[in-house]
Amino acid sequence: MSVHAGSTHSAFARDRRSARQERCELCGTPVASRHCHVVDTGRRGLLCACRACFLLSTRCPAGEARYRAVPERYLWDPRRPVVRLDWCGLGIPAGFAFFLRRGTRVTAFQPGPAGAVETTLPAGLWAELSAGHPLLAAAEPDVEAIVFRGTERGTDCFLVPVDVCYRLAGAVRRYWTGPDGGPEMRERVGELFAEIGHRARPLR
Ligand SMILES: [Zn+2]
Ligand SMILES: [Zn+2]
């Protein structure tokens, strides 16, 4: 998974000294530092988009469109928290992982200093988890992800726009120091999770 190099989104913005104008990667129109994204399902990449191109891509029927608009919703499920996940014992380097569904395949991404390690989940495991946790089933393929984070209290679980995962993975790669990531990486990732927690609405 490549880091979204062109982004200057909130947590990164203050680190960026260059005043390079960002542009819509579909039509070339200049965009503000906070802007929309679409997923290019052909190349499996994230593209910055102006509002017009974003809206255009929301109108294409899902499944047919090459460019799919990344929704802006954040959700969590207060009634059915994920208490424990077995794969949490696998040694996730940055303390969190996210899951993305593409077609019938679900891929786990574990961000680390060299990028995110991808693992395809065994068929059936996601369906099994989703049966008890409707939040997992609510994520739209390609454009929304489920992020799990281990905390002292247990496991936090959110449904997030997929561009947020690029920001999280980018922060891990950019700020990682030493064998365990170091304090700055943890602080930056913590800030992003605080923002996610702040924006998340309960699943109904
Ligand atoms: Zn555009
Ligand atoms: Zn962007």
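**View 1. Ring pairs join F99, W126 and F148 into a cluster.** In this predicted model, local features need pLDDT of at least 70, side-chain atom pairs count only at pLDDT 80 or more, totals for chains, interfaces and linings use all residues, and side-chain values use heavy atoms, with hydrogens and water left out. Residues are numbered from 1 along each chain as its sequence is written, while chains are lettered from A and ligands numbered from 1 in the order in which they are written. Rings of Phe, Tyr and Trp (its six-membered ring) pair if their centres lie within 6.5 Å; planes under 30 degrees apart count as stacked, over 60 as edge-to-face and the rest as tilted. There are 4 aromatic pairs in the structure.

View 2. Helices (H or I, at least four residues) and strands (E, at least two) are DSSP runs, numbered from the N terminus. Both F96 and F193 are buried; buried means under 20% relative accessible area, exposed over 50%, partly exposed in between (1.4 Å probe, protein chains only).

**View 3. F99 and W126 form a stacked pair.** Their ring centres lie 5.2 Å apart and their planes are at 25 degrees, so the pair counts as stacked. The pair links distant parts of the chain, with F99 in strand 5 and W126 in helix 3 (residues 125–132), 27 residues apart. F99 and W126 are buried.

**View 4. The largest nonpolar core has 30 residues.** A nonpolar core is a set of buried Ala, Val, Leu, Ile, Met, Phe, Trp, Tyr and Cys residues joined through side-chain atoms within 4.5 Å. Residues with the most contacts inside this one are F96, V147, V160, L168, V189 and I196. Strand 5 (96–102), strand 8 (144–150), strand 9 (155–161), helix 5 (162–175) and helix 6 (182–199) each supply at least two of its residues. Helix 5 gives the largest share, 8 residues. What does V189 touch, leaving aside its neighbours within four places in sequence? V189 is in contact with F96, L168, A171 and V172, where contact means heavy atoms within 4.5 Å. A second, separate core of 16 residues includes F99, W126, L135 and L159.

**View 5. Four cysteines hold the zinc ion (ligand 1).** The protein donors are C24 (SG), C27 (SG), C50 (SG) and C53 (SG), lying 2.2 to 2.4 Å from the ion. Donors are N, O and S atoms within 2.8 Å of the metal (3.2 Å for Na, K and Ca); water is not among the atoms, so sites may look incomplete. Angles of 104 to 118 degrees among the 4 donor atoms make the site tetrahedral, a label for four donors with all angles between 85 and 135 degrees. Along the chain, the donors follow the spacing C-x2-C-x22-C-x2-C. C27, in the loop between helix 1 (10–13) and strand 1 (36–40), is 23 residues from C50, in the loop between strand 2 (45–49) and helix 2 (51–59). C27 is partly exposed at 42% relative accessibility, whereas C50 is buried at 9%.

**View 6. D142 has a positive phi of about 70 degrees, although it is not a glycine.** D142 is found in the loop between helix 4 (134–138) and strand 8. Its relative accessibility is 18%, so D142 counts as buried.

Note on methods. Four donors count as tetrahedral if all angles lie between 85 and 135 degrees; four count as square planar and six as octahedral if opposite donors are over 155 degrees apart and all others between 65 and 115; anything else is irregular.
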